[in-house]
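Have the chains open alongside as you read.

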Amino acid sequence: MPLRFLQSSLLPPSFPHNNFIDSPKKQDRKLLLCVQDSRTQLLECNNNNNNPKFCRPDYPDQFSCVPISKILRKPIQEEEKVRQEDGDDDLWLVMKDEAQSDVNREPILSNYYFSSILSHNVIETALAHYLSVKLSDSSLPSGTLYELFMSVLSEDQEIIRAVKDDLRAVKERDPACISYVQCFLNFKGFLACQSHRIAHKLWSQDRKVLAFMIQNRVSEVFASDIHPGAKIGRGILLDHATGVVIGETAVIGNNVSILHNVTLGGTGKVSGDRHPKIGDGVLIGAGTCVLGNVRIGEGAKIGAGSVVLRDVPARTTAVGNPAKLIGGKENPVKLDKIPGLTMDHTLHINEWSDYVI
Amino acid sequence: MPLRFLQSSLLPPSFPHNNFIDSPKKQDRKLLLCVQDSRTQLLECNNNNNNPKFCRPDYPDQFSCVPISKILRKPIQEEEKVRQEDGDDDLWLVMKDEAQSDVNREPILSNYYFSSILSHNVIETALAHYLSVKLSDSSLPSGTLYELFMSVLSEDQEIIRAVKDDLRAVKERDPACISYVQCFLNFKGFLACQSHRIAHKLWSQDRKVLAFMIQNRVSEVFASDIHPGAKIGRGILLDHATGVVIGETAVIGNNVSILHNVTLGGTGKVSGDRHPKIGDGVLIGAGTCVLGNVRIGEGAKIGAGSVVLRDVPARTTAVGNPAKLIGGKENPVKLDKIPGLTMDHTLHINEWSDYVI
Amino acid sequence: MPLRFLQSSLLPPSFPHNNFIDSPKKQDRKLLLCVQDSRTQLLECNNNNNNPKFCRPDYPDQFSCVPISKILRKPIQEEEKVRQEDGDDDLWLVMKDEAQSDVNREPILSNYYFSSILSHNVIETALAHYLSVKLSDSSLPSGTLYELFMSVLSEDQEIIRAVKDDLRAVKERDPACISYVQCFLNFKGFLACQSHRIAHKLWSQDRKVLAFMIQNRVSEVFASDIHPGAKIGRGILLDHATGVVIGETAVIGNNVSILHNVTLGGTGKVSGDRHPKIGDGVLIGAGTCVLGNVRIGEGAKIGAGSVVLRDVPARTTAVGNPAKLIGGKENPVKLDKIPGLTMDHTLHINEWSDYVI
């Protein structure tokens with residue numbers, strides 16, 4: 001049945017269509033918050049809907065509408081100003097070009113790229129769609145998750161700016177990353193981080209049940225367990241990401257790079273502020289545990305396999321189990337570059353005095 | 001189509017209905033072993049069924065019936081006595097209250113909570129259902145797994161008592177755990193541990209093929225690889241759980257807390273008793289390897305990132321790679337609290353003499 | 001409805017039927033490349049198909065046909081010669097016997113074993129089928145992946161020989177492995193390694209988009225993140241496999257055993273040859289990081305939890321963080337057995353001088 005084959009494998013699917021024609025800043029803000037696609041059948045809301053939180057009565061044929069009060073919390077001009085400063089309007093267009101180029105090379109992936117990238121006019125819907133597919137299972141349908149993710153992404157442009165900063169960070173720092181689209185589709189650390197941004201927003205709105213549900217699905221699917229209370233900056237690279245654990249009161253600055261199997265852990269049953277504080281530009285190597293409410297100063301580097309239980313001064317390097325400062329406690333060697341950006345894991349070898357192999 | 005939306009998202013689904021009205025101890029034991037739900041269509045068994053192991057001919061319209069010989073192995077009075085002593089009849093009722101409260105806050109999760117918690121009158125069917133959903137894939141349908149899990153849980157009340165002890169342990173010890181339901185739905189370490197209890201029961205019945213299948217699916221879905229031969233006590237906390245590996249001849253006591261990326265590993269190709277023995281009340285920090293048939297005495301604590309290749313005396317603290325005792329081999333500092341319960345990872349820092357940062 | 005139950009649970013499913021009657025070497029090579037099964041409806045190709053790369057017009061009712069040019073790249077006689085030398089014609093028959101024995105013990109798994117093992121006359125289709133089921137999700141259908149995997153496995157008999165060597169390696173070295181079928185179905189390290197072999201082939205053909213897609217799905221599903229550029233020999237055991245990370249320019253020899261949470265990592269943003277080279281017969285313990293373009297000599301052993309940043313001579317043992325040679329740098333103890341084969345993790349304990357517990 002060749003026609004059927006053509007339909008199912010090669011022609012673009014009808015999902016999802018949406019209302020965005022141009023970039024969001026040119027749009028009516030109200031439209032940005034409503035998406036019409038093939039899920040509409042399932043999620044459509046109307047005046048009789050008994051879940052008013054997610055619907056606005058004046059858009060009877062659309063869904064995922066957040067309350068007007070929240071939409072209007074920030075003046076639109078301010079949002080637009082930041083967008084223009086960031087100059088990130090073009091990033092999604094670049095990504096769609098990358099995606100088209102990939103599909104031209106590998107037509108077998110047409111459907112996958114169409115539903116994941118090419119059918120979306122803005123990164124918001126693409127991210128909500130892709131995460132909802134990844135994090136759904138047979139008891140948590142992707143439609144429910146999509147609705148939830150869009151309700152957050154629509155109302156908080158800060159998250160989308162952080163998403164774009166993370167895309168740039170991965171592409172710039174990871175030599176194995178060849179395009180933004182590769183990062184978006186294939187880097188589970190990137191996807192775990194963006195899921196966390198959504199979960200953290202829900203956490204800050206005291207919607208803990210939803211936040212914990214996302215945390216758990218991310219832990220199962222991407223093997224990164226990030227408590228929704230953790231505060232994470234922009235320009236973050238979670239490289240490989242398997243086994244990452246970040247606790248509730250951890251705070252991570254901007255331009256931080258964290259390898260797999262890194263733990264930012266607590267100190268037992270004590271409640272309260274009990275997790276590490278990671279400064280801007282820090283690099284933490286694979287398999288490292290940082291435990292307790294300790295401060296890793298900005299631009300510091302922690303070698304792979306270290307166990308850090310005390311503060312590490314800014315721009316120094318700590319290695320070992322227990323971790324010691326390269327150059328000694330009194331006069332540690334100071335780094336002149338930002339390790340979170342250079343991703344240099346090994347320049348300290350020659351100075352690690354007892355390294356004998 | 002608003003009606004359709006209401007039907008699919010907001011009204012409770014018809015799945016699963018079962019025969020339990022009250023708590024199991026008030027029930028006919030035979031009824032406990034048979035569940036009628038929407039899967040009945042698929043799994044129903046009758047006199048003509050050629051898989052008699054899983055069916056009893058006198059319950060033609062029900063499934064998951066274990067052989068009568070197994071049901072009657074333990075006198076019912078004895079089971080009831082222990083249940084009353086444990087006082088755990090109420091735990092499931094508490095959990096349903098918690099679930100109802102969550103749904104009232106987040107109606108978007110109605111279906112998920114209904115199928116996972118609220119539709120179940122006993123924890124047995126809820127656990128079998130939730131694990132079967134998590135561990136199924138397109139080649140292993142959830143119906144097959146549900147049937148298998150119920151056949152084990154129905155005949156072994158020891159497992160259910162351990163499940164409840166684990167729920168209490170997580171809630172008590174983990175400051176990030178706010179309710180029993182959160183643990184049940186969202187803690188992959190809890191779910192991995194309960195899956196292991198079922199796999200271990202099958203292993204002890206020499207049903208190794210099924211036991212290995214469960215081990216593998218747990219390793220894929222929850223990233224914890226626990227050999228079905230391992231013996232695990234009650235009141236266990238597997239915190240975060242990613243990367244946990246526990247070998248075939250490992251034995252873990254009661255009230256033990258194990259962090260993520262902990263290995264209780266063997267010593268090569270040698271068969272026989274080759275894995276660690278962990279005493280009651282032990283705490284093992286993140287990323288630690290304990291290798292070989294060594295004994296970790298009760299109430300001992302192993303710091304994060306340690307490599308332990310020899311016995312650790314009771315109530316002492318071992319840290320480092322290779323691990324050494326805090327206070328020294330001859331006169332180690334003795335702990336006066338149970339670290340598996342206090343979850344204190346870091347009190348040894350001041351005594352770790354060569355810690356120089 | 002007992003009949004329905006019988007149909008769905010106990011009778012063999014109709015999927016997949018294929019054209020293989022005997023072992024592949026007795027077959028027309030063209031037939032080896034075409035499989036007819038229940039997916040035909042979806043993937044069927046004909047003369048009008050606009051994706052000619054994956055179809056041959058002279059097999060209108062079959063799919064997954066690779067170009068004839070590629071099929072004929074290697075003379076068939078040469079392939080057959082190696083197959084006969086390897087004596088691996090029998091392995092699949094042994095595995096089908098094992099599978100039948102398992103099903104006789106556990107009829108509840110009939111469907112699962114039939115679709116995964118018993119319905120396949122050659123290991124190629126079984127492997128492509130099983131991996132496609134494991135790595136699919138709702139945006140990446142298993143049919144697409146099966147087509148892709150078969151296109152690679154059909155044209156490269158080297159991969160299948162490596163698959164069989166890996167099966168033998170796991171069965172021989174891992175005391176927890178009781179049959180080839182258990183390894184095939186349940187060892188995620190084995191499945192991750194075979195997925196990598198396919199991804200690496202695509203990488204070497206400059207089909208990077210497909211190769212990265214496989215890498216990512218393997219990282220999500222099996223928690224092993226292996227860059228498709230990495231070169232991996234035969235007879236490989238990735239034991240437990242959670243958290244394994246292997247970089248782009250890593251090279252791994254034959255008969256190597258690597259435990260979980262092992263990193264063969266790079267040295268930062270530098271491009272070019274930046275990852276470890278692992279010699280034949282090496283054993284790397286759990287949680288170890290080997291970083292940079294360092295050489296681990298053949299037959300060397302790296303203890304669990306080590307951090308290795310420099311070369312390790314052949315047949316020596318390195319342990320610790322940072323790793324040191326057992327016996328000292330000047331006169332290290334030489335191993336007389338191959339640790340990658342003996343899997344001996346702990347014989348060095350007595351010689352680890354500062355081990356004080």
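## Ground rules

Two strands count as paired if DSSP finds at least two bridges between them. Strands (E, at least two residues) and helices (H or I, at least four) are DSSP runs, numbered from the N terminus.

This is a predicted model, where local features need pLDDT of at least 70, side-chain atom pairs count only at pLDDT 80 or more, and totals for chains, interfaces and linings use all residues. Residues are numbered from 1 along each chain as its sequence is written, chains are lettered from A and ligands numbered from 1 in the order in which they are written, and side-chain values use heavy atoms, with hydrogens and water left out.

## The sheet in chain B

β8 (residues 277–278) and β11 of chain B pair in the parallel sense over two bridges. Lys277(B) has Arg295(B) in β11(B) as its bridge partner.

Zoom out and you get an open, parallel sheet of four strands, ordered β2-β5-β8-β11 (chain B). At its edges sit β2 (231–232) and β11 (295–296) of chain B, each pairing on one side only.

## Helix α9 in chain C

## Where α9 meets α12

The axes (lines fitted to C-alpha atoms over the stretch in contact, angles 0 to 180 degrees between N-to-C directions) of α9 (142–153) and α12 (188–204) of chain C come within 10 Å and cross at roughly 75°. That makes α9(C) roughly perpendicular (65 to 115 degrees) to α12(C).

On the α9(C) side, Leu148(C), Phe149(C), Val152(C) and Leu153(C) make contact (heavy atoms within 4.5 Å) with Ile198(C), Lys201(C) and Leu202(C) of α12(C).

Notes: Angles under 35 degrees count as roughly parallel, over 145 as roughly antiparallel, 65 to 115 as roughly perpendicular and the rest as oblique.
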